[in-house]
Structures are given as structure tokens and as C-alpha cells.
Amino acid sequence: MSRQDRAGAVDREMAARLLPDAALRALGCWWSENAMMFADETPGAHTVSYTPRRWAPITPWPSALASTSCAGDAGVSRAQVTSLVADALRREAFREALVATYVWGKGKRGSPGGSGPATLQKILASDSLDATLAGAVTALCEHGAGAAYAALHGRVPWLGPSFFTKFLYFAGKTVTSANGPEPLILDRFLARRLRSLARAVGRETGHDPDGSIAGWVWRDKNWSPHRYEVYLSFMHAAARQVASIDGWPSDASPDLLEYALFRTAWT
């Protein structure tokens, strides 16, 4: 059996088993502790702090974010970014939408050393950026999240999946996807959660006894478009599974699970 065949076998087993009992217990505890914070049963209240002045070199700067002349820190929530991106996409201001999602995604992490603003400047310098972002939104609308991911994968220097899936996630709140599940964020933290599951399944089934397949497909970055589609399929199915947890919202969207998995460890 080839490496790809073994990866496919592990994927199928994961799709059949979904989240293990330990994960379901951890998620149930997380929800019982955080339900009041997310009273609308969405992760919209998830707020990230950022330091506006550190982003002063960035243009275009979304007017809905705190002015870069402001002292101190500011906060921006998922719900606010959703509204900001919706407005930007209506105006075809794709760069504004990307900046908003990037600032939210980066927050204060890396900013003191300049890595956040400096990397974003490199991304914004790409001549193909506008056309690439517009093409991804069109692909999302006409073909689905997998096609939108493929339209961004490897297309813009310095813009990797951990950040462009944030752009896709927020775009998906405005643009109706023609086919398949809505886009979700995939970063190294979520990939590590799936890697842990894949390693356990690989050992139990014998398809990946040493965990090398799990480490290959659920690496920390640069996931293939196929891997993103596997991720979306798993997450949307798992969102239906966790609806059985006592107290968990029965109609909660998959992005609530995405955030909960980001915040919760069970191994």
C-alpha cells in the first residue's frame, strides 16, 4: 500500500469514528465553562487584542479598526471582523478584507518584533494580490471552499494557509458557497489536533503504526487543497456529532467547534 493509500485509509477511519470520547468530554467541560461568553451559540465574541500603532505602515487600513494613531491596545472580535469583511467585499475592497483578517489572526503575537506588520507588507506588495483574492471569492461562490483554497494555495508569496483560510472563513460568512461545506480556519494548532487523532487511528488500525503518515498529512503548514477538503468534511461531521453532548447547542455551527478545538486539549 502506498503512502497516499495509507493516508486515505486513515482518513476514512477518522471520518467513521470522528471525535473520541476523551475529546467529547473535554469539549463538554469547555462549553460548560464558556457558554455564558458565547450566549448566541457562535464564536462571534472571540476577541483578539492588537496594538494599532504597530500596524501604522499598513495600507489600506480598514476604518472600522482602531486608528493606527491610537495609543495602547485595542480589541476586535470575530463578529466585528465578519461585519468589516462583509462591507469590504461589497465594495470589492479585497485588500481591506485581508488586512482585517490578518490583524485579527495575528493580534499581538509577533508584533513587537515586527513580524506581523512586516510580513503583511510583503503580502500587500504582490502585484497579483487583488486578482488572486477576487478569484478566490469567485471560486468560493461558484465552486466551493475547496476550489477557493486551491485558488489561494501557493499563489501569493508570504500568504500561507494559516492566514488565507482566515480570509476564506470570513468571506464565507458573506459569500454563499455553491457546493460543499462553508470554509473554516485551519492553522497549525488545529492541524495538531487532527494529527493527534490520526496518529491514534493509525496505530489502532495498523495503517500508520509509527505516526509518520499523520505527521505528513497533518503537518504544521502548507496543507494541500485535498487536505483542506478532508479537514472541512471531518469538522462539519464532527459538529453534528458534538451536538449530542449534554448542554452543547444542538444547532451550533462548525466554527464553534473549530474554536473549541483550538482552545481545548484532551491528550
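1. Pocket lining by element. Five elements each supply at least two residues of the lining of the largest pocket: strand S1 (47–50), helix H4 (94–106), helix H8 (161–171), helix H9 (188–205) and helix H12 (254–263). Helices (H or I, at least four residues) and strands (E, at least two) are DSSP runs, numbered from the N terminus. A pocket is defined on a 1 Å grid over the protein atoms alone, as an open set of points where a 1.4 Å probe fits, with protein on both sides within 12 Å along at least five of seven lines; lining residues have an atom within 4 Å of a point.

2. Basis of the values. This is a predicted model, where local features need pLDDT of at least 70 and side-chain atom pairs count only at pLDDT 80 or more, while totals for chains, interfaces and linings use all residues. Residues are numbered from 1 along each chain as its sequence is written, and side-chain values use heavy atoms, with hydrogens and water left out.

3. The largest pocket holds about 690 Å³ of space. Its volume is the space filled by probe spheres set on the grid points, which are joined across faces, edges and corners. Its lining has 34 residues, and Arg109, Ser162, Phe163, Lys166 and Asp187 are the closest to the centre.

4. The lining divides into twelve nonpolar, ten polar and twelve charged residues. Here Ala, Val, Leu, Ile, Met, Phe, Trp, Tyr, Cys and Pro count as nonpolar, Asp, Glu, Lys and Arg as charged, and the others, Gly among them, as polar.

5. Core. The largest nonpolar core has 91 residues. Such a core is a set of buried Ala, Val, Leu, Ile, Met, Phe, Trp, Tyr and Cys residues joined through side-chain atoms within 4.5 Å. Buried means under 20% relative accessible area, exposed over 50%, partly exposed in between (1.4 Å probe, protein chains only). Met14, Leu19, Leu27, Tyr231, Phe234, Trp248 and Leu257 touch the most other members. Helix H11 (residues 225–242) gives the most to this core, with ten residues. In soluble globular proteins, nonpolar side chains tend to be buried together.

6. Leu27. Contact means heavy atoms within 4.5 Å. Residues up to four places away in sequence aside, Leu27 touches Leu19, Val242, Ile245, Trp248, Leu257, Ala260, Leu261 and Thr264.

7. Val201. This residue sits in helix H9. Val201 is buried, at 8% relative accessibility. Glu13 is 188 residues away along the chain, yet the two C-alpha atoms are separated by 7.0 Å. Val201 also touches Glu13, along with Val10, Met14 and Arg17, not counting residues up to four places away in sequence.

8. Glu96. Helix H4 carries Glu96. The residue is charged, but Glu96 is buried, with a relative accessible area of 17%. Beyond four places in sequence, Glu96 touches Pro60, Pro62, Leu84, Ala88 and Arg91.

9. Ala150 lies in helix H7 (residues 145–152) and is partly exposed, at 29% relative accessibility. Leaving aside neighbours within four places, Ala150 is in contact with Arg155 and Pro225. Ala56 is in the loop between S1 and strand S2 (74–77). Ala56 is partly exposed, at 44%, and its C-alpha atom is separated from that of Pro117 by 8.4 Å.

10. Cysteines. There are zero disulfides (pairs of cysteine sulfur atoms within 2.5 Å). Cys29 is partly exposed at 45% relative accessible area, and Cys70 is partly exposed at 33%.
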